[in-house]
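I opened this notebook to record what I looked up about the pockets of one protein model. My entries follow in the order in which I made them.

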Amino acid sequence: MFSFCSDPATLETFQWMSCYLTTGKHMAFYMSFGTVLLLLAFAAPAALLFGFGGAMAARARFAPLSWLGRGYIAIVRGVPDIAFFLFFVIALDQALEYLRHRVKCPDWDQPIRQGSDFIVCDIAKLPLGDAAQWIHEVYGFTIAVVTFAIVFGAFAANVLFGAMQAVPHAQIETAEAYGLNHRQTFWRILVPQMWTYALPGLSNLWMVLIKATPLLFLLGVEDIVYWAKELGGSKTAKFTAYPHPDWRTWYFLGLLVFYLSFTKVSELVLDRITTRLSHGQATLAGEAQRKAS
């Protein structure tokens with residue numbers, strides 16, 4: 001059956017653009033926006049979980065646990081993000097394959113490290129060489145989520161630790177005077193009140209997390225930056241049915257609009273959350289609400 005998309009010579013400008021923007025690669029480009037949003041949906045709560053655990057460890061009364069929490073915050077925050085992303089992904093992947101290798105191939109008699117090569121038996125590789133493509137993609141995405149969670153969890157831990165310290169100590173003393181134990185005081189008094197102090201820092205961290213999503217490209221995930229660079233580069237008739245000059249400016253302009261729009265929506269949502277959490281709190285925002293009412 002004849003289709004005008006199959007015969008570039010018959011295309012007018014609008015028809016040509018309609019065909020060009022609906023190619024398989026462009027569909028993958030559109031889906032990559034969903035990949036970015038999905039990453040944020042998983043990485044943000046995971047980072048918050050890492051951060052909450054790190055903050056609890058940092059303020060623990062047991063000294064080794066406190067050192068562990070403070071060390072996690074200091075080390076991860078002190079390493080440039082790009083270096084951590086490049087190193088940790090390789091290290092985590094090789095660590096998992098090493099553990100599988102030790103279990104599944106106990107009779108292996110060759111060294112795993114051979115110069116710069118890391119060699120394990122075939123059944124220990126992650127994912128397996130004959131695995132479906134979607135398994136490779138899910139595995140890479142999972143590694144990316146874990147990496148983002150660990151990196152930004154350290155920053156979240158620092159914010160939450162400071163927020164816990166900011167809760168007036170008189171509140172803690174009053175709770176203890178009423179007979180609450182340490183755990184009850186933590187969960188019923190400290191945690192509910194700390195969020196209003198932590199939200200400004202967590203809001204900034206959310207914005208940084210949004211801007212860091214292009215680092216997916218470094219982790220082997222075909223994200224919006226990868227496709228913008230791939231599709232926007234100049235194409236000749238020898239290699240494609242849709243030749244065009246260098247259009248990367250337009251593609252990256254589209255990414256600019258996407259990120260600015262998304263951060264603006266985030267600001268509006270975070271402002272509403274801040275207003276809600278500040279209600280009745282002894283903070284500058286809470287005092288402003290009291291005077292306004």
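Entry 1. I sorted the lining of the second largest pocket by residue class and counted 16 nonpolar residues, two polar residues and no charged ones. I note here that the model is predicted.

Entry 2. I then asked which residues lie nearest the centre of the second largest pocket. They are Ala-44, Leu-202, Ser-203, Trp-206 and Leu-270, out of a lining of 18 residues. The elements that give two or more residues to this lining are α2, α5, α7 (182-212) and α9 (248-278). Of these, α7 gives the most, with seven residues. I recorded a volume of about 350 Å³ for the second largest pocket.

Entry 3. I turned to the largest pocket, for which I noted a volume of about 500 Å³. Its lining has 18 residues, and those nearest the centre are Thr-35, Glu-137, Val-138, Val-221 and Glu-222. Two or more residues of the lining come from each of α2 (24-58) and α5 (133-166). The largest share, seven residues, belongs to α5.

Entry 4. How does the lining of the largest pocket divide by class? I found nine nonpolar, seven polar and two charged residues.

Entry 5. I set the two pockets side by side. For the largest pocket, I wrote down two charged residues in the lining; for the second largest pocket, I wrote down none.

Key
Residues numbered from 1 in each chain as written. Predicted model: local features only at pLDDT ≥ 70, side-chain atom pairs only at ≥ 80, totals over all residues. Heavy atoms only, no water. 1 Å grid on protein atoms, 1.4 Å probe; cavity = no way out; pocket = protein on both sides within 12 Å on 5 of 7 lines; lining within 4 Å. Points joined across faces, edges and corners; volume = space filled by probe spheres on them. Helix = DSSP H or I, 4+ residues; strand = E, 2+ residues; numbered from the N terminus. Nonpolar A, V, L, I, M, F, W, Y, C, P; charged D, E, K, R; others polar.
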